[in-house]
Amino acid sequence: MNPLNHVAIIMDGNGRWGLKHKNSRNAGHKAGLITVEKVIKETIRNKIGFLTLYAFSTENWKRPKKEINFLFSLLESFLNNRLDELHKQNIKLKIIGNKNFSKKLNQLLNTAEKKTLKNKKLQINLALNYGSKFELLNAFKNLQKNKAKINEKNLRKYLQTADVPDPDLLIRTGNTKRLSNFLLWQLAYSEIFFEKKLWPEFNVKDYNKIIKKYKIIKRNFGKI
Ligand code: IPE
Ligand code: IPE
Ligand code: MG
């Protein structure tokens, strides 16, 4: 059975779900948050140490301002309401991505990271304003600036996931088969599951079904 230390998820399909059921994309984002909570709980139950959630990409700024504002207000209220609870559950929250939001949101994110820094049960990497190309370019720039030798070990030090093992498993919901600029380096050997269900419909049973399938895959890493 394959060990499972790190699950990464592209939580896609909120907008379509919202339009279909409530005639509002934003209602889909709100519903998606309930799935986030369920998946966090189940990740802990499965004793998985790292969970990386793609919440907002560097390309998502191309969306209407109203939707963007709603997404960030949702994030703000989630942190305001749930941070203590996450902390109590021994969860460490780390933001990956470029933290150049409003002063207020940046402060909130920094506080959340600081408060939960020493927690050990589960590390949640929340990908916010995250783009893999930006991350990699930045890493190469840093290597150059520090006159470090360009090799895998040194490059890794400058990735936002420097202290995090690469994902064993990537799940993308929403019936689309693409990576959308997510963890391009880190996913080099991950097992990938594309799920037809939209993110708000994705449930604990679906999650466990994927985990079960993942566990029996023959992972080669180039060997036979
Ligand atoms: C994913 O759901 C969540 C974010 C990108 C914030 P979408 O909003 O992309 O939902 P669809 O793909 O349009 O249905
Ligand atoms: C990927 O979903 C980003 C997140 C889930 C945050 P998108 O809906 O933005 O991806 P594309 O644009 O369809 O590739
Ligand atoms: Mg989408």
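The following legends describe views of a predicted protein model.

**Conventions.** Residues are numbered from 1 along each chain as its sequence is written, chains are lettered from A and ligands numbered from 1 in the order in which they are written. In this predicted model, local features need pLDDT of at least 70 and side-chain atom pairs count only at pLDDT 80 or more, whereas totals for chains, interfaces and linings use all residues; side-chain values use heavy atoms, without hydrogens and water.

**View 1. Secondary structure of the protein chain.** The protein chain contains 7 helices and 6 strands (DSSP runs numbered from the N terminus: helices are H or I of at least four residues, strands E of at least two). Their order along the sequence is β-α-α-β-α-β-α-β-α-α-β-β-α.

**View 2. Burial in the protein chain.** Of the 224 residues, 48% are buried (under 20% relative accessible area, with a 1.4 Å probe and protein chains only). The C-alpha atoms occupy a box of roughly 50 × 45 × 35 Å along the principal axes.

**View 3. Asn129 in strand S4.** Asn129 belongs to strand S4, which spans residues 122-130. Asn129 is buried, its relative accessible area being 4%.

**View 4. Surroundings of Asn129.** A polar atom of the Asn129 side chain lies 2.9 Å from the backbone oxygen of Asn98. Apart from its neighbours within four places in sequence, Asn129 is in contact with Phe56, Ser57, Thr58, Trp61, Gly97, Asn98, Asn100 and Phe101 (contact means heavy atoms within 4.5 Å).

Key:
Buried means under 20% relative accessible area, exposed over 50%, partly exposed in between (1.4 Å probe, protein chains only). A polar contact is a pair of N or O atoms within 3.5 Å; within protein, one must be able to donate a hydrogen and the other to accept it, and residues adjacent in sequence count only if both atoms are side-chain atoms.
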